[in-house]
Amino acid sequence: MVAGAQFQLAADKSSCAHLRAYVIGDYGSGDKWQAKVAAAMTLLSRREPPDLVLGTGDCIYLAGDESLTGTPSADILSERFDPYYQALSAEFFQCLGNHDLIDVFGGDPAAMIAHTYQSRIWRMPSASYGIRGLPPWVAVHVLNSNVFGFDGDFAEGELFSEPAMEHELDAATEYFSGFQGLKILVGHHPVFTSGKRTYRYQGDGEIRCMRRLREMIDGIGVHFYLSGHEHHQSHATGPTCEHIVQGCGGAGVKQNPRHARRINGTRLSDKIFRFQQVMSGFAVLDMDQHFNVRVRFIGIPAHAPADQFRVIYEYYWSGLDEIGDRSLRPCRQPNDNPRRRHSG
Ligand SMILES: [Fe+2]
């Protein structure tokens, strides 16, 4: 038995038939790029307010050549994170990234956890936790992916711990155990990538150090795994799970010119790369009690102001049976998949 932490939404959503989450990651750059994405989120929220925000990590970076002295406190989050998002009036459920945890807080999440009880918007009650107060048809668990590793490859070598990884796997498995609804898992490190890390593993798109997480996701039937770390917006389909990477919330962006893409629902190996784009932005995840799920990627062109944001990709599922391999369907033409729309 693993005693998993839980945190209650401030506004009880347990009777809601619909839930909307914004998803954003790699957003703590503290510069105009973070400000621009935050402004776009605020603008969209006026007509499509989120019930909550799911953060995919790297919530704060060291700024420039700044070096921190002494023990960083939660004050840095009050100064460098909260002001960007106050106008959103939504709680941000955060996960630990590598840059925030290691570079800024020296490997100790205590200050990030403490800020949960000082901030109006920041929520990280533990290194991993479930969210309470959601509708009974959806469950969201946040894990610490920094401690993962596999066969000599490590998410973050200095933080790898076999017992800690087993704890993360057990906690998530227990959290979702017996749950029949929509299962959403959040962590920082992706399982699959079409980004720069494809080179590190012979370009096959699996981030090998996360193999144990991948096995757990497939084993217990997680429906959506939301991650960051790669500074792009991407969607890939695995055997049981849709993998969404959101890492363009303000961090530096660099295109991978050789990224793989599969848009027509054809499985070539263990995943389908449906979409990838490097553009500042975030995602909107709409869900309802009948398991209709729609994801939209919101992008802001590099030299455009925040109010020029637009939908650069969207995909929808009309039931749990359409998620993962079950979403595959023969397509006569490469762009013949009516569930996928792409512009920009
Ligand atoms: Fe990262």
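**Figure 1. Strands β1 and β6 at one end of the pairing order.** In this predicted model, strand β1 pairs with strand β6 (residues 129-132) in the parallel sense, and 4 bridges join the two strands. One of the residue pairs concerned is Q6 with G130, the latter lying in β6. Helix α6 (residues 162-176) packs on the sheet and touches β6, β7 and β10. The direction of α6 makes about 170° with that of β7.

**Figure 2. The open sheet.** The sheet contains 8 strands in the order β1-β6-β7-β10-β11-β13-β12-β14, and it is open, with mixed pairing. Its edge strands are β1 (5-8) and β14 (272-277), each of which pairs on one side only. From one strand to the next, the twist averages 20°. In general, the strands of a sheet pair through backbone hydrogen bonds, in either a parallel or an antiparallel manner. The protein chain as a whole has 7 helices and 18 strands.

**Figure 3. Strand β10 and its two partners.** Strand β7 (residues 138-142) pairs with β10 in the parallel sense over 5 bridges, and V142 has V186 of β10 as its bridge partner. Strand β11 (residues 224-227) also pairs with β10 in the parallel sense, over 3 bridges. Here V186 stands opposite L226 of β11. Why is β10 described as largely enclosed by the rest of the structure? The reason is that 5 of the 5 residues of this strand (residues 182-186) are buried. Both faces are covered: L182, I184 and V186 are buried on one side, and K183 and L185 are buried on the other.

**Figure 4. Residue L226 in strand β11.** L226 lies in strand β11. L226 and E242 are 16 residues apart in sequence, and their C-alpha atoms are 8.5 Å apart in space.

**Figure 5. The largest nonpolar core.** This core has 94 residues, and those with the most contacts inside it are V23, V53, I184 and A283. Which residues does V23 touch, not counting those up to four places away in sequence? They are L54, T56, L226, I244, Q246, F282, A283 and L285. In soluble globular proteins, nonpolar side chains tend to be buried together. In the protein chain, buried residues make up 49% of the 344 residues. Of the contacts in the chain with a separation of 6 or more, 72% join residues 24 or more positions apart.

**Figure 6. Helix α7 and its buried side.** In helix α7 (residues 211-220), the buried residues are L213, R214, M216 and I217. These residues cover an arc of only 165° around the axis, so they lie on the same side of α7. An α-helix has 3.6 residues a turn, so residues three or four places apart point the same way. The buried residues of α7 pack against α6, β10 and β11. G221 follows α7 and has a positive phi, near 75°.

**Figure 7. Helix α1 and its surroundings.** Helix α1 has 14 residues and reaches 20 Å from its first C-alpha to its last, close to the 20 Å expected at 1.5 Å a residue. Its buried residues are Q34, K36, V37, A38, A40, M41 and L44. The elements that cover these buried residues include β2, α3 (82-85), β15 (281-288) and β16 (292-299).

**Figure 8. Two aspartates with positive phi.** Most residues other than glycine have a negative phi. D26, which is not a glycine, has a positive phi near 55°. D26 lies in the loop between β2 (18-24) and α1 (32-45). It counts as buried because 30 C-beta neighbours are found inside 10 Å. D58 is likewise not a glycine, and its phi is positive at about 55°. The loop that holds D58 runs between β3 (52-55) and α2 (75-80). With 29 C-beta neighbours inside 10 Å, D58 therefore counts as buried.

Notes: Residues numbered from 1 in each chain as written. Predicted model: local features only at pLDDT ≥ 70, side-chain atom pairs only at ≥ 80, totals over all residues. Core = buried A, V, L, I, M, F, W, Y, C linked by C-beta atoms within 7 Å. Buried ≥ 20, exposed ≤ 12 C-beta atoms within 10 Å, placed from the backbone. Contact = placed C-beta atoms within 7 Å. Pairing = 2+ DSSP bridges. Axes fitted to C-alpha atoms, helices over the stretch in contact; angles between N-to-C directions. Expected span 1.5 Å × (residues − 1). Arc of directions from axis to C-beta.
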